[in-house]
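User: Let us work through this structure in short questions and answers. Please give the cut-offs as you go.

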Amino acid sequence: MAAPALEVAAPPAPARRLTAVETRPRILLTTEGTYPYALGGVSSWCDLLLRGLTEFDWTVLPIIAPHGREPLYQLPAHAREAGPVEVWSETVPRGRRRRGMRPALPGVLVRGLLGWNGDPEAVLEEWLWCRRNPAGVRRVFRSGAGWAAFLDGLAEVLGERVAEAGTPPQLDAVEAATLYHTLYWIARTAAVPTPPADVLHVTAAGWSAIPALVHKALHGTPMVLTEHGVYLREAYLAAARGGGPAGSRFAATRLARGLARAAYSGADVICPVTDANAYWELSLGIDPAKILVLYNGLRQPEPPVPPPGRGVVVSVGRIDPLKDIHTLLRVAAETLRVVPGARFEHYGSVTEGEEAYERSCLALHAQLQLGDRFRFMGRTTDPNGVVRSADVMLMTSISEGLPMSVLEAMSQGRPIVATGVGGVPDVVKGCGALAAPGDDHSLAMGVVMLLRNPDLAWRLGLRGHQRLGRLFNEDACVEGYRSLLHGLAHGRASLRVVAG
Amino acid sequence: MSPDVLRAGLLVEARLGRAPQDALEAAVVLEAWAGVPAQQALETARALMSGQPAAPATSRAAPAAPSRPPRQLLEGFSFVVAVAAIALWAAPLAAVLGAGVVRDALILALPVTLGLQWGMVARHLGRPSGLAGLAEQRNTLALTAAALLFAAAVLGLTGALAALLIVTWTAGTVVIRRGWAVAYCAVVAGAVPAMLLGIPAPALVAGVAAVTAALAWWALATVPTAASRPGRWSRTLAAGLTGVGLGVLLVSDPTVDWADGAAPALALLPSALGALWAGRHLWSLAGAFPRALAGFPACAARDAVPRSVALGPARVLAGAAWRLTALTAVGSVALLPWLGTDLTGVLVGYGLIALATMLIGIMDALGRPSLGVAAVAASVACALAVRALDPAVAGAVLACGGAVAVLLLLPAALVLLARPARTLATSVWIT
């Protein structure tokens, strides 16, 4: 799909407008479970942007679960952290207690966020009330009237019959209480104060959009949404493989859909990192004119060195079901049957909350009798170095945007064997082998082919290196955002001056 | 429906082991596990869901398996040994310092200690990795203890003795929580024979306080570091006030002379042991709500729930109350030959206070700690009013105070337990 043109260029500005913009535009970057508290592709991209766009003053507002740990990234001098917003914590909302309750709040939220045709505007109106009455949120949700309104709204949602939406299951009281608790934290997130900003930059179409949407509704600030994976798609994947009861699955996916719809409807510009993700965004009925594909990128690499030729296959990624480590292990087992001298190294730590999945991976590793021939190496701080030491890069994810690990392999001139998910086919075109997700046989054959044909592997690696420099380089990525953010900041400044 | 769509439907069902929830789920499966490009997957999935809507499936949450309560046997045993040993300190201390000093010191020390203990539990010790959180505050704790001793010295012998007891008991809580209950027992119980051998009791109490404080410091210094989140200050304050209130209640009865031998402290043992047993049973209360409500339709949760559902959590309360009452009664009867029938009222009073304490704990677990604070305040007011009447019956003040708290809290607890869905949603999970 061709990226639609986006008209964000600022109009010719009189001196007064220029003054407003020249006072360094302020960007509020909202993140969800990523930067600066977790490692990964999204965090790397955030860090790249903050360090690359020094002409902006950045404020990072992370939304995280309470874990008491320190940030993993040090923010540059022109950036500061606000918050973090700790959801599921024991904190009580601060703020003046005002008279008057809004017992309908939980009911409106459940209708607006979980209803198949829920109204994002109604949700936004409730979030605005939360922002103006932070202390009232807790009072409403602890009241019997709030619970009753929620149950009424839930009954309406469960009674919906839309062909595309399937038939909602009958949630039990525990699932309903869990959903009620989640909506409470969504309302609390909406109540969080946000610092002044000229542009809002949201990093996922989920929780991190909530404070930005409220800020935009209050101040008219333009909002950019960058999606690396597709939030909605990943929520469905998590629910599908989770195997939980129908009610929990329904609540989790519908909530993700409601948040994504709200985020898409509020965003002025939506930036997927690959064209493939745009289809998912369009499936929720957003205006195609809002979409601007901006690829991830890496620093222009040095000329690559030839692979070491030791039969080393490297994979980089969190130990997470989305990365399908089980398939990775089976690919290794099948490859080793044909190329016994091959060695597999997986770099990446376990995602928080996926410890059971890690145990299942270790059990499969033992069952396949891989021993030292497949090693879990833990987290790496030198991804380029580990890729350079490889002969082939392997990736078995079932969901991706534009994975940094693939770009890193290309930057080092290494061929890639990967699943064709998300933006991977667009990137790997002509510089590796692709297979369907979960197809361990095809993936293994790809690895075997490259290990047995080092000349071919080197040629594909060189092609990838050239392709990276041409299409997926860091400068292009940073420049794309520079242009976009400047354009929006100028537009915003104009609006502010006119309003003033 | 075209053959391609039918085939896609079979593929989706085979992967999920059931029909897809909606078009988006079907699209995700087609894309992620069948390699169908996104646009085609979304279109196929929409076509797949165009049939007649199915009947709604009934869902049932899978409540977490009940967790095992923490080890309490050793803690309970060490509590018994510590109470008995400290009870035996009273006479030797009174012989040296005078009964009035010991009495006043205990009256001062008990409420302060209980306040500190309840506050520490709410802020740190009752929480995951709570010891690690408290360890970060150990310098503050040491300074507070030193300031307490210094300030108490201004009050003379009474203040100094009270401060030593407060340090011993409070530090003891940390040591026991660290799992070093045996060491704490050894220190406290070891002082008794030394006192009986003629070593000055005040010096021994000072020594025990110093050793226990050092043990607590060492316990905190060696605890493995872990990320921990302290409890809210408002909850800490409420817990602290509750502890102080209960302490005041315990020492408010003029017929109970804490300096007159070991009897008052020993009389406390049956109800304290009963409370420990009941507390262990109550560990399952939070899990009783989801277990009772799993499978119960959400949309029916607004109306009165069937008795079978409401009885789940209420049964836990009844089981805890039965354990507390039974053990208190049996223990009290067993102690009567030693204590004398004059102390029957005291034993009843302690039992009622233990029951009230249990109900306060339930209120806290159900997210309504302010009700506990209010009940304790009313209970203390009642006890002081009865005390002003100078009742002739031993233990009347204790019994009246305890009874007021029980009468206030029991109906509130029953109301909360009788509407489990609302309580779970609005109180237990939203604190």
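Analyst: A helix here is a DSSP run of H or I with at least four residues, a strand is a run of E with at least two, and both are numbered from the N terminus. The model is predicted: local features need pLDDT of at least 70, side-chain atom pairs count only at pLDDT 80 or more, while totals for chains, interfaces and linings use all residues. Residues are numbered from 1 along each chain as its sequence is written, chains are lettered from A and ligands numbered from 1 in the order in which they are written, and side-chain values use heavy atoms, without hydrogens and water.

User: Which helix of chain B has the highest mean pLDDT among the elements?
Analyst: pLDDT is the predictor's confidence in each residue, from 0 to 100. Chain B averages 88, and 99% of its residues reach 70 or more. Among its elements, the lowest mean is 80, in helix α4 (residues 73-97) of chain B, and the highest, 95, belongs to helix α16 (residues 369-388) of chain B.

User: Is Glu25(B) buried or exposed?
Analyst: Glu25(B) sits in helix α2 (residues 23-34) of chain B. Buried means under 20% relative accessible area, exposed over 50%, and partly exposed in between (1.4 Å probe, protein chains only). With a relative accessible area of 1%, Glu25(B) is therefore buried.

User: Which residue's side chain does that of Glu25(B) join in a polar contact?
Analyst: Contact means heavy atoms within 4.5 Å. Beyond four places in sequence, Glu25(B) touches residues of chain A, including Tyr236(A) and Arg249(A), and of chain B, including Leu16(B) and Pro20(B). A polar contact is a pair of N or O atoms within 3.5 Å; within protein, one must be able to donate a hydrogen and the other to accept it, and residues adjacent in sequence count only if both atoms are side-chain atoms. At 2.8 Å, the side-chain partner of Glu25(B) is Arg18(B).

User: Which residue of chain B does Ala425(B) touch beyond four places in sequence?
Analyst: Ala425(B) lies in helix α18 (residues 420-428) of chain B. Its relative accessible area is 0%, so Ala425(B) is buried. Its contacts, leaving aside neighbours within four places, are Trp147(A), Ala177(A), Tyr180(A) and, from chain B, Ile430(B).

User: How do α11(B) and α15(B) run relative to each other?
Analyst: Axes are lines fitted to C-alpha atoms, for helices over the stretch in contact, and angles run from 0 to 180 degrees between N-to-C directions. Helix α11 (residues 233-251) of chain B and helix α15 (residues 344-365) of chain B pack at about 175°, with their axes 11 Å apart. Angles under 35 degrees count as roughly parallel, over 145 as roughly antiparallel, 65 to 115 as roughly perpendicular and the rest as oblique. The pair α11(B) and α15(B) is therefore roughly antiparallel.

User: What distance separates the side chains of Ser397(A) and Glu400(A) in their polar contact?
Analyst: Ser397(A) is in the loop between β11 (392-395) and α15 (404-411) of chain A. Its relative accessibility is 1%, so Ser397(A) counts as buried. Its side chain meets that of Glu400(A) at 2.7 Å.

User: What is the phi of Asp324(A)?
Analyst: Asp324(A) belongs to the loop between β8 (312-316) and α12 (325-338) of chain A. At 10% relative accessibility, Asp324(A) counts as buried. Although Asp324(A) is not a glycine, its phi is positive, at about 50°.
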